[in-house]
Amino acid sequence: MDKFVIRGGNRLMGEIQVSGAKNAAVALIPAVLLCDEPCVIENVPDISDVSICLRILYELGAEVEMLKSDTYRISCKGVRSFSVPYESAKQMRASYYFLGALLGRTGRARVSMPGGCPLGDRPIDQHLKAFNALGANSCNDHGMIDLHADKLRGGQIYFDVVTVGATMNAMLAAVKTEGLTIIENAAKEPHIVDLANFLNSMGADIRGAGTDVIKVRGVSYLHGTTYSVIPDQIEAGTFMVAAAATGGDVLVKGVIPKHLEPITKKMRKIGVNIDEYDDAVRVWVEGPLVKASIKTQPHPGFPTDMQPQMATLLTLAEGTSIVTEGVWEQRFRYVDELRRMGADIAVNDKVAIITGTGKLMGAPVKACDLRAGAALIIAGLAAHGVTEIEDIHHIERGYGNIETKLRGIGGDICKVSTPPTAMKKAL
Ligand code: EPU
């Protein structure tokens with residue numbers, strides 16, 4: 001098993017490049033199923049969730065060709081199957097996008113219940129509500145979600161909760177469905193807009209993405225396209241927090257500063273200096289960091305996917321901070337690991353009370369999910385001494401080559417393989 005070994009204490013300095021957004025890429029790749037002409041997708045992040053998405057497409061019968069390290073040409077002309085088996089789907093949450101994409105393509109989809117980070121109950125009732133509103137029948141057949149529609153038609157969808165996945169899935173299923181589909185109480189994240197822009201570049205008619213009402217007028221045909229995935233605002237935010245936690249001075253490049261606003265605003269309140277440029281932000285720290293209150297909420301609120309990283313920063317700030325998780329049932333599982341590093345955090349249900357100690361110490365820890373792992377990397381970079389992080393496969397689901405990127409700005413971090421894996425690789 002691989003682990004990250006971090007020798008903390010270096011101030012991060014220099015320039016770091018952000019990759020394409022995971023949560024956009026994992027929807028855009030299945031979306032290609034809605035088109036029989038080849039599509040080229042650029043700025044695809046080098047992460048394991050993307051590899052799984054591409055493998056599922058290949059298993060369904062698509063041709064997948066890597067043109068450059070971050071660019072793929074995909075042709076779905078040869079796809080005949082509508083079934084994504086357990087072995088593939090269980091590995092990531094985003095496998096649910098194959099439901100909407102396959103249903104929109106053929107009126108049929110069979111996808112195993114999705115996996116993903118353990119963040120508490122992760123129902124998909126709103127996804128099914130959307131498919132049903134378009135005329136599909138759904139059932140759970142021995143762990144496989146089975147969708148079937150003789151003929152899909154446009155419909156009215158009102159989500160009971162704001163949900164990223166169901167909003168994207170409703171767009172995927174509706175885009176080639178005759179008539180008008182109206183999605184109300186839609187999620188507004190940048191990746192929702194990116195999926196709409198991608199589909200529109202193929203000839204779709206989607207309006208209102210980025211607001212809470214999205215209108216999709218079905219078109220009969222989508223053509224091929226070349227499209228570049230938006231930058232990952234969570235990867236950018238993670239680097240911004242890492243710079244601040246180490247008292248560094250870092251230019252985070254290749255971002256859309258507008259997408260970072262909820263993160264930027266909070267970091268400034270904590271005492272971090274942030275200068276915005278057209279496609280970069282400079283993050284630097286002069287004075288002390290101070291306490292803050294944070295509540296995670298759907299966009300444009302503070303993103304839940306930055307909660308563990310910001311909580312880590314607040315362990316280094318003066319005073320007592322309150323962090324409330326407003327999206328997921330359980331997103332404080334990483335707190336035990338931070339406590340091993342000397343953090344003073346009390347958790348009561350969805351609220352964490354963080355008493356800033358100003359310092360952390362290196363320790364052996366485990367990543368329990370993707371963003372928890374990112375938080376531990378930040379903690380390790382800021383801590384005195386050596387931190388070893390196990391279970392880094394969680395981190396590699398969403399951060400491509402993070403150790404190389406962080407080394408480029410002075411982080412003392414390396415990936416170490418324990419003997420059995422190292423031997424297997426050598427053979
Ligand atoms: N929800 C329902 N029913 C549904 C769907 C969602 O009750 O049918 C609830 C969830 O339980 C949750 C809330 O609605 O309490 C929001 O869930 P959402 O559907 O928005 O989350 P998701 O689509 O499963 C995506 C990201 C997550 C990110 C959330 C919120 C992907 C693949 N995943 O998940 O990303 O936390 O949106 O922004 O896009 C991560 O990247 O670390 C990550 C977990």
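H142 is exposed, with a relative accessible area of 79%; exposed means over 50%, buried under 20%, and partly exposed in between, using a 1.4 Å probe and protein chains only. This is a predicted model, where local features need pLDDT of at least 70, side-chain atom pairs count only at pLDDT 80 or more, and totals for chains, interfaces and linings use all residues. Residues are numbered from 1 along each chain as its sequence is written, and side-chain values use heavy atoms, with hydrogens and water left out.

**Backbone**

- H142 has a positive phi, near 50°, and is not a glycine.
- H142 is found in the loop between β8 (137-141) and β9 (144-148). Strands (E, at least two residues) and helices (H or I, at least four) are DSSP runs, numbered from the N terminus.
- N401 also has a positive phi, near 50°, in a residue other than glycine.
- The loop between α13 (393-396) and α14 (402-407) holds N401. At 43% relative accessibility, N401 is partly exposed.
- A cis peptide bond runs from H299 to P300, with omega near 10°. P300 lies in the loop between β18 (293-295) and α10 (307-314).

- The ligand sits in the largest pocket. A pocket is an open set of points on a 1 Å grid over the protein atoms alone, where a 1.4 Å probe fits, with protein on both sides within 12 Å along at least five of seven lines.
- The elements giving two or more residues to the shell around the ligand are α1 (22-31), α5 (125-133), α6 (164-174) and α12 (370-382). With 3 residues, α5 gives the most.
- Around the ligand are 25 residues, of which Y96, Q126, V164, D305 and V327 come nearest. Each counts by having a heavy atom within 4 Å.
- T163 places a polar side-chain atom 2.8 Å from a ligand oxygen atom.
- A backbone N or O atom of G165 lies 2.9 Å from an oxygen atom of the ligand.
- For R331, a polar side-chain atom lies 3.2 Å from a ligand oxygen atom.

**Helix α7**

- Helix α7 (residues 190-201) has 12 residues. From first C-alpha to last it reaches 16 Å, close to the 16 Å expected at 1.5 Å a residue. The expected span is 1.5 Å times one less than the number of residues.
- Its buried residues are P190, H191, I192, D194, L195, A196, F198 and L199.
- Just after α7, G203 takes a positive phi of about 105°.

Key. A polar contact is a pair of N or O atoms within 3.5 Å; within protein, one must be able to donate a hydrogen and the other to accept it, and residues adjacent in sequence count only if both atoms are side-chain atoms. On a 1 Å grid over the protein atoms alone, a cavity is a set of points where a 1.4 Å probe fits but cannot get out, and a pocket is an open set with protein on both sides within 12 Å along at least five of seven lines; lining residues have an atom within 4 Å of a point. A molecule sits in a cavity or pocket if more than half of its atoms lie within 2 Å of its grid points.
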